Amino acid sequence: DDIAHYTTNNDVILQKNLSMQTAIKHYPLTTNQSEMFQEWEEDTKMTQFNICGYYLIEGHPLIAKRMRDVFKMIIESHPVFRMRLLHVGEQEVAPLKHYDDPTRLIRQYPDYSQDITMTFQTMSDEQLDSHIKKPLKPFDPFGEPLLRAEFIETPSRQYLCFEFFHLLADGLTYQSFVNDIKAAYAGMDLKPQSLEFFEYAEQQYQWWDTEEYFRLQHFYESKYADGLSFTRLHESHGENYPWGELLQESYVVDKDWIEDYCERHDLSVASVMMAVYGWALSKASGESTVAFLTGYHGRGKGNIDKALYGNYMKEIVIRLNITDTISLQSLTKQMEREMMEGIRHSDYPIDHYLHTHLSDEDYDCTECLFNSSYLDMTTSMGDIKVSAHIKTTGMTSIPLILTIHRFDDKYVLEAQGSGGRYSRRQLRDFLQLYADIIGKEMV
């Protein structure tokens, strides 16, 4: 009887899900979302895709009710914040002719029934310190909102906390969100969005069924005909950390050095900083040819300053040849060519190509990202000063990632590595190596 009751209940649930699927307009995942989903599916407890920042409020305190209303208005103005994933059946989404999409039956849609609210907590200063140090909670993209927001008040401090699942939002979305929070709290009007991101995902999916897809596939097959292997540091055996523990070290570099150098040689800061990453990777690994991933924000020049919410980011492969006599200028020119070539071909699902053409060992990649100050809210909200604290505790499957944060007065290098492979000392040594190259080449 229990088994029959269980089976009947599951049949009812299945029928409800099927009827819901037919009523919902759902959309495919983008290339970057597809890759993230596959990594998340391998370990649903991972938190490497949690983007989280705590913001200390100084000066005049925030008004809690006003902040709650601002948050509610932003959520209601942007359907992408209500994103949820959905499993669909084979009959609902026909296979593509050219691209075997590994996440074809995983779809996304805006679930307007989700209750996305800012929670309010009052606690002691000691409780707050403990609260901030707690490990991040994994997200369930099928069953809960992919954005969390907290307003925390102690006898001496106020904090805002915003946490996104990366599947929902990229770095520019986080930056736009923070800017909109500031603007709305100051009383400025915001421009609502409709379903731009979901429609973008649909357009990208349809493009994969065109002949242009084949052209780009041929491009990558020709470019990497001699093989491709991502560069890694030598794994540490001196310090023991739990496998997958997220290790992080940071280093501040002089902003004037870098920007003066770039201005003298007519080079972009992002290209120079990522070229230095490649050089440091070469010195640390002993390899003369290095390969790593970086990200492209996926927005055209006309849209870069618009609040286009969603995960538009695309991955780009960078491969650099580094000789004993190379200069930073010539290496940066290599970097710029690789980057522009990658952007021109960024509609192609490069992650799928790498998975199907590389061994697991060769695909075990490192990554370098150049971010704007999307975690920096120090510009203030009227008389209220806000400073950001990046939350990074959690688990990761990425061997090594260097994120370059650009602030008003400095560049912060944030190296993250996976425990069981690297040690904190290795990360510190790598950051020092990076800084030494800057010091030698720029000063």
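User: What makes α5 largely enclosed by the rest of the structure?

Analyst: This is a predicted model. Buried means under 20% relative accessible area. In α5, 13 of the 15 residues are buried, so the helix is largely enclosed.

User: How do you know that the reach of α5 is close to the one expected?

Analyst: The expected span is 1.5 Å times one less than the number of residues. For the 15 residues of α5, that gives 21 Å. From first C-alpha to last, α5 reaches 21 Å. After α5 comes Gly 187, with a positive phi near 95°.

User: Which residues make the contact between α3 and α5?

Analyst: From α3 they include Met 67, Val 70 and Phe 71. From α5 they include Phe 177, Ile 181 and Tyr 185. By class, the contact has nine nonpolar residues, two charged and no polar.

User: Why does Gln 334 count as buried?

Analyst: The cut-off for buried is under 20%. Gln 334 has 16% relative accessibility, so it counts as buried. Gln 334 sits in helix α10 (residues 328–344).

User: What does Gln 334 touch, not counting residues up to four places away in sequence?

Analyst: Gln 334 touches Arg 319, Leu 320, Asn 321 and Ile 326. Ser 271 is 63 residues from Gln 334 in sequence, yet their C-alpha atoms are 9.2 Å apart.

Methods:
Residues numbered from 1 in each chain as written. Predicted model: local features only at pLDDT ≥ 70, side-chain atom pairs only at ≥ 80, totals over all residues. Heavy atoms only, no water. Contact = heavy atoms within 4.5 Å. Helix = DSSP H or I, 4+ residues; strand = E, 2+ residues; numbered from the N terminus. Nonpolar A, V, L, I, M, F, W, Y, C, P; charged D, E, K, R; others polar. Buried < 20%, exposed > 50% of the residue type's maximum accessible area, 1.4 Å probe, protein only.
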